[in-house]
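Subject: Structure for your review

Dear colleague,

Please find below the structure that I am handing over to you. I would ask you to look through it once before reading the findings that follow.

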Amino acid sequence: MIKRIVLTAFVLFAGITVKGQTKNEAKINILNTIALASVEVGYEHFIDDNQSIGAEILINDQFAYFLEKSGEKFNTNSVLASYNFYFGGQGKSASGYYMYPFVKYRFGDFEETKNIEGIEVKTKTDMDSFILGLGTGYKWVWNDKFAIGPYASIARNFSEDVNDKFIAIEINAGFSIGYRF
């Protein structure tokens, strides 16, 4: 009886271990953390050797690479969902190119202080917006555990308030560092 339990436990554990290898990736965009002081953390779950679904949280999400000037401040955060396609190898265990369509929702505001006829006036732009985009990148994977690589995306913003203040097309880039488990 004990042999059966041990054998059953071993088979289940072995099956879970083999099936569970590198099915997930936690990552951070180190480039935007350094360049923009924003934090972009993400998670990917591989549903196949060459496909994954992803989610990201962007804290202090700035509009593309709009540089903050004196008296201007972004108070925005975002959530992003993507579907990733890997080419030229198995995405969860091999290095290669990938492409991803995504949807993003940004919320918050943009503050700026303007000097109008000697009077300082604070204005706020509502940055709540729905965004659709497409991105591409390359990942190098070591030992089925560590993944790093550059990526870039282009997206369309669907908020009239944001499009009146900024352009409707957003360009983003990053360099992610990830751990697969």
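In what follows, two residues are in contact when they have heavy atoms within 4.5 Å of each other. Among the contacts in the protein with a separation of 6 or more, 60% are accounted for by residues 24 or more positions apart.

Please keep in mind that this is a predicted model. The protein has a mean pLDDT of 84, and 80% of its residues reach 70 or more. Over residues 5–18, however, the pLDDT is below 50, and this stretch has zero contacts in the model beyond near neighbours in sequence.

**Overall architecture**

The protein contains three helices and nine strands. Read from the N terminus on, its elements follow the order α-β-α-β-β-β-β-β-β-β-α-β. There are 181 residues in the protein, and 36% of them count as buried. The accessible surface comes to about 10,600 Å², and carbon and sulfur atoms hold 66% of that surface.

Is N24 buried or exposed? The cut-off for a buried residue is under 20% relative accessible area. N24 has a relative accessibility of 14%, and therefore it counts as buried.

The surroundings of N24 can also be described. Leaving aside residues up to four places away in sequence, N24 touches Y43, E44, H45, F46, Y179, R180 and F181.

**Cavities**

Rolling a probe the size of a water molecule over the atoms shows where empty space is left. In this model, the count comes to three cavities of 30 Å³ or more. The largest cavity holds about 210 Å³ of space. It is lined by 20 residues, and those closest to its centre are E40, L58, K104, S153 and N172.

Which elements give two or more residues to the lining of the largest cavity? They are α2 (30–36), β3 (51–59), β5 (96–116), β8 (146–157) and β9 (169–180). Strand β5 provides the largest share of this lining, with four residues.

Yours sincerely,
A colleague

Conventions. Residues are numbered from 1 along each chain as its sequence is written. This is a predicted model: local features need pLDDT of at least 70, side-chain atom pairs count only at pLDDT 80 or more; totals for chains, interfaces and linings use all residues. Side-chain values use heavy atoms; hydrogens and water are left out. pLDDT is the predictor's confidence in each residue, from 0 to 100. Buried means under 20% relative accessible area, exposed over 50%, partly exposed in between (1.4 Å probe, protein chains only). Accessible areas come from the Shrake-Rupley method with a 1.4 Å probe; for residues, only the protein chains shown count as cover. On a 1 Å grid over the protein atoms alone, a cavity is a set of points where a 1.4 Å probe fits but cannot get out, and a pocket is an open set with protein on both sides within 12 Å along at least five of seven lines; lining residues have an atom within 4 Å of a point. Grid points are joined across faces, edges and corners, and a volume is the space filled by probe spheres set on the points.
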